[in-house]
Amino acid sequence: MGKIALISGVTGQDGAYLAEFLLKKGYTVHGIKRRSSLFNTDRVDHLYQDPHIENREFILHYGDLTDSMNLTRIINDVQPDEIYNLAAMSHVKVSFDIPEYTANTDGLGTLRILEAVRLLGLTQKTKIYQASTSELFGAAREVPQTENTPFYPRSPYGVAKLYAYWITVNYREAYGLHASNGILFNHESPIRGETFVTRKITRAVARIVLGLQDVLFIGNLSSKRDWGHAKDFVKAMYLMLQQEKPDDYVIATGVTTEVREFIRKTFKALGIDIEFTGKNEEEIAVIVNLNEELFIEKTGKEFLKKIRKRISANPVVVKVDINYYRPTEVDILLGDSSKARKKLSWKPEYNLDELIYDMISSDLILMKKESHIRKGGYNTFNYFE
Ligand code: NAP
Ligand code: GDD
């Protein structure tokens with residue numbers, strides 16, 4: 001018999017990659033999805049099985065991290081060997097708008113899962129992974145950050161996750177649970193939520209080169225993040241639960257990059273050089289050079305005329321909008337994952353350029369589809385944020 005895993009947040013970026021990874025390892029994977037007025041299972045559609053099939057390996061349950069009874073019932077029904085608690089209101093900026101909901105889901109939600117495992121008498125059977133975050137370091141006391149760097153969260157999200165981190169440690173120490181915190185630095189992918197900065201950038205660049213959008217409006221260009229690929233990072237979650245003893249691990253690439261540089265690299269991947277000028281909210285970026293050969297190779301010959309015309313009419317492609325600034329910012333995150341590399345034998349396979357290329361290639365395909373739909377006379381969504 002293969003192992004049984006339960007993933008909360010299975011419809012999210014990490015949940016989808018982790019479910020796929022565990023299914024390939026022979027697990028039966030149960031996931032918790034929220035009720036929504038629209039289908040919300042796009043990211044796991046390729047794994048989804050018709051509920052009428054017998055002996056399914058991938059099973060979804062309606063649930064919510066704010067509902068203790070529901071969580072307790074699901075855990076009792078599933079009797080999981082491993083729980084991956086990935087569900088969260090995961091957007092830092094939005095957590096300033098809905099702080100109480102964020103605390104309830106991201107903080108107390110973790111307690112609800114730990115307590116359910118304890119009450120159901122599963123402390124010796126069920127191992128738990130808690131999705132902790134580099135946002136705990138916040139106004140970082142040192143660079144790079146390790147498992148020993150003091151925490152200083154800078155958002156309602158970070159503070160809620162601080163509670164979740166410590167309640168996980170407390171249940172481990174108090175009740176002997178195999179519960180581990182993965183302190184994961186930012187990780188991205190082609191299925192990253194569209195309102196996180198990397199995906200916002202790769203989508204916008206794809207739209208700009210295809211003539212579907214004029215400008216990328218962006219917030220703080222100077223913040224620095226240690227960006228990795230989600231595919232690499234979900235492997236670390238699994239490895240933590242295969243250890244004899246539970247523990248807490250930093251998972252990071254060890255390279256930090258400015259938002260500004262991420263934008264520059266994304267345009268560059270398609271043969272476009274941009275230059276930033278101006279300061280603070282007056283800062284803009286303009287196209288200064290087009291490598292036509294590379295542009296045609298990556299984007300397609302049919303879009304060359306359009307981009308040439310665009311550059312001569314108006315080369316400004318990035319503008320700052322202070323509405324995307326946060327009340328308190330995390331300026332720099334850079335992780336030192338030596339412990340994970342040594343104890344878990346984990347290391348990332350993607351570097352930043354490969355990550356960007358994966359994301360922009362995928363968004364180009366998506367936006368070309370949109371372009372075709374529009375040419376066919378149909379409407380597409382705008383999804384302004
Ligand atoms: P994500 O794409 O935003 O996915 C979050 C998941 O949680 C979604 O499935 C969402 O459901 C679900 N969810 C939200 N509120 C819920 C609730 N009240 N009850 C049940 N489910 C709920 O996030 P992610 O990037 O995959 O991140 C996974 C976890 O790792 C999160 O806990 C995040 O805070 C943490 N983390 C992420 C990063 C990163 O860089 N990606 C780094 C460190 C830590 P819907 O699909 O219905 O919205
Ligand atoms: N989202 C967004 N949108 N961020 C922007 C923008 C913008 O238009 N312009 C600049 N930024 C800056 C933010 O101010 C922040 O400094 C940085 O880009 C990264 O923002 P996000 O991509 O939203 O991610 P995050 O670092 O705040 O949080 C993500 O990583 C955490 C791990 O460190 C999320 O995935 C969290 O759930 C995760 O815990």
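Which backbone N or O atom lies 2.8 Å from a nitrogen atom of ligand 1? In this predicted model, that atom belongs to L65. The protein covers 90% of the 900 Å² of accessible area that ligand 1 has on its own (areas come from the Shrake-Rupley method with a 1.4 Å probe; for residues, only the protein chains shown count as cover).

As for the rest of this site, 25 residues sit around ligand 1, with T11, R34, S90, Y157 and K161 coming nearest; a residue is near if one of its heavy atoms lies within 4 Å. An oxygen atom of ligand 1 is 2.9 Å from a backbone N or O atom of G12, and a polar side-chain atom of N40 lies 3.5 Å from an oxygen atom of the ligand (polar contacts are pairs of N or O atoms within 3.5 Å). By class, nine nonpolar, eleven polar and five charged residues make up the shell.

Turning to ligand 2, 23 residues surround it, and T133, S134, Y157, R326 and E329 are the closest. A polar backbone atom of S90 is 2.7 Å from an oxygen atom of ligand 2, while for V197 a polar backbone atom is 2.8 Å from an oxygen atom of the ligand. S223 uses its side chain, with an N or O atom 2.7 Å from a ligand 2 oxygen. Of the 720 Å² of accessible area that ligand 2 has on its own, the protein covers 96%.

Residues are numbered from 1 along each chain as its sequence is written, and chains are lettered from A and ligands numbered from 1 in the order in which they are written. Local features need pLDDT of at least 70, side-chain atom pairs count only at pLDDT 80 or more, and totals for chains, interfaces and linings use all residues, while side-chain values use heavy atoms, with hydrogens and water left out.

Methods: Polar contact = N/O pair within 3.5 Å; in protein donor to acceptor, adjacent residues only side chain to side chain. Nonpolar A, V, L, I, M, F, W, Y, C, P; charged D, E, K, R; others polar.
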